[in-house]
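Please look over the sequence and the model before reading on.

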Amino acid sequence: MTKKRFAIYSRKSRFTGKGESIENQIELCRQYIKMHEAEVSEADIVVYEDEGFSGGNMDRPRFQRMMKDIRGNEISSVVCYRLDRISRNIGDFAKMVEELAQHGTEFVSVKENFDTSSPLGRAMMYISSVFSQLERETIAERIRDNMYELSKTGRWLGGVTPTGYRSESYATATVDGKVKQACRLCLVPEEADLVRTIFAKFLAFDSLTQVETDLIRHDYRTKQGKRFTRFAIKNILRNPVYLIADRDAYEYLRVNEVALFSDEEDFDGEHGIAAYNRTLQARGQANQAKPLKEWIVSVGQHRGLISGRDWVRVQDRLDRNRAKAYRKPRSHVALLSGLLACHCGAAMRPKISKRLDPDGERNFAYLCTMKER
């Protein structure tokens, strides 16, 4: 590379629709470059910005784009406002610095005034990275401690209200005498009957597909007025909010080593379960269920709908049937995949077949997805 090309990287954890923080980072980095490299023009500076992404990992689109350009030897120096804008994970950061060195790319942090071109700069940078990771883990621990305290109240913390309930606001007094607004779940009788029906049908059919078919035939709809899918049905069946806090529920949670913040006598056979920290949420990805051992659970303020015995039976059957679940074909070699539609408006999907034509190519039949359901 005969001419220096600088990369400015900026990141902000939350997307707010306002870019002041990112714009300030970029402007300060731009000033730093021009102060130290008088001959640099705007054409020599490339900006990469990720808004709404955590520093806990490096799975960020613009960061990955920057690394791709570095591997292509298009970048001579990476400049960021502060070290934790790149990463709060010491392992990830160390690998990145090592990869930059392999491609002859320098790294500069404006705030900490680190420069990897010197041994002292590299050493101080690693030390600072350790403290960035410590800060991230401390914040995560504080959030978890806060969840522990909230779980004792059995409150509804917000989000998408589950079918069968509506969210109701109420006033609560704190220890210091202040009045704060909190939320709890209240039953919606018609939706509650639908939830009981879904559980009963699954116990009768032992199949998500058959439950889906039955709900479609009888024109049952979700809270949003859409037809039920297997995935929506499964989410209802897996949700512990419907679990009545009875003896069976207590034993199930105890045996599975759930972090339980209610005493055995609180399981009165009437209230439901309030479960926190159930899912792993990542921007741009579907929520992933966490193991039961990571749940934080207490008896909630709302009424439960499904007995502990039936809810546990449903979980056991879902686990058993997981191996038989339908898996969408990953191959897209079917010529008309994504193009054909049935006269009912539903998409036609390629049906898996082992038949081959004389040329050895796989034959595909197409099936209406609504008819299949």
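## Overview of the chain

The model described here is predicted. Its protein chain comprises 11 helices and 14 strands. Of the 373 residues in the chain, 39% are buried.

Contacts across the sequence may also be summarised. When contacts between residues at least 6 apart in sequence are considered, 64% of them join residues at least 24 apart.

## Aromatic pairs

A pair of aromatic rings is described by the distance of the centres and the angle of the planes. The structure contains 5 aromatic pairs. One of them is formed by tyrosine 165 and tyrosine 242, whose rings are stacked, with 6.1 Å from centre to centre and 20° between the planes. Tyrosine 165 belongs to strand E6 (residues 165-173), while tyrosine 242 is in the loop between helix H8 (230-238) and helix H9 (247-255); the pair therefore ties together parts that lie 77 residues apart in sequence. Tyrosine 165 is buried, at 1% relative accessibility, and tyrosine 242 is buried with a relative accessible area of 1%. These two tyrosines also belong to an aromatic cluster, formed by Tyr165, Phe199 and Tyr242.

What kind of pair do tyrosine 252 and tryptophan 311 form? Their ring centres are 5.7 Å apart and their planes stand at 80°, so the pair is edge-to-face, the term used for angles over 60 degrees. Tyrosine 252 is part of helix H9 and tryptophan 311 is part of helix H10 (residues 308-321), so this pair ties together parts 59 residues apart in sequence. Tyrosine 252 has a relative accessible area of 15% and is buried. Tryptophan 311 is also buried, at 1% relative accessibility.

## Helices H9 and H10

The pair formed by tyrosine 252 and tryptophan 311 links helix H9 with helix H10. The axes of H9 and H10 come within 7 Å and cross at roughly 40°. That angle makes H9 oblique to H10. On the H9 side, the contact is made by Asp248, Ala249 and Tyr252; on the H10 side, by Gly308, Arg309, Trp311, Val312 and Gln315.

## The two sides of helix H8

Which residues of H8 are buried? They are Arg230, Ile233, Ile236 and Leu237. Viewed down the helix axis, the buried residues of H8 fall within an arc of 125°, so they line one face of the helix.

The buried residues of H8 pack against H6, H7 and H10. Phe231 and Asn235 are exposed residues on the face of H8 turned away from its buried side.

## Arginines over aromatic rings

Two further arrangements bring an arginine over a ring. The charged end of arginine 60 is placed over the ring of phenylalanine 63, at 5.1 Å from the ring centre. Arginine 278 lies over the face of tryptophan 295, with 5.8 Å to the centre of the ring.

## Residues with positive phi

Asparagine 73 is not a glycine, yet it has a positive phi of about 60°. Its position is in the loop between helix H2 (61-71) and strand E3 (77-80). Is asparagine 73 buried or partly exposed? With 47% relative accessibility, asparagine 73 counts as partly exposed.

Aspartate 206, a residue other than glycine, also has a positive phi, near 60°. Aspartate 206 is located in the loop between helix H6 (189-205) and helix H7 (208-217). Its relative accessible area is 25%, and aspartate 206 is partly exposed.

## Alanine 289

Alanine 289 is situated in strand E11 (residues 288-289). At 74% relative accessibility, alanine 289 counts as exposed because the cut-off for that term is over 50%.

Which residues does alanine 289 contact, leaving aside its neighbours within four places in sequence? They are Arg278 and Thr279. Asparagine 277 is 12 residues from alanine 289 along the chain, and the C-alpha atoms of the two residues are separated by 9.3 Å.

Terms used
Residues numbered from 1 in each chain as written. Predicted model: local features only at pLDDT ≥ 70, side-chain atom pairs only at ≥ 80, totals over all residues. Heavy atoms only, no water. Phe/Tyr/Trp six-rings, centres within 6.5 Å; stacked < 30°, edge-to-face > 60°. Helix = DSSP H or I, 4+ residues; strand = E, 2+ residues; numbered from the N terminus. Buried < 20%, exposed > 50% of the residue type's maximum accessible area, 1.4 Å probe, protein only. Lys NZ or Arg CZ within 6 Å of the ring centre and 35° of its normal. Arc of directions from axis to C-beta. Contact = heavy atoms within 4.5 Å. Axes fitted to C-alpha atoms, helices over the stretch in contact; angles between N-to-C directions. Parallel < 35°, antiparallel > 145°, perpendicular 65-115°, else oblique.
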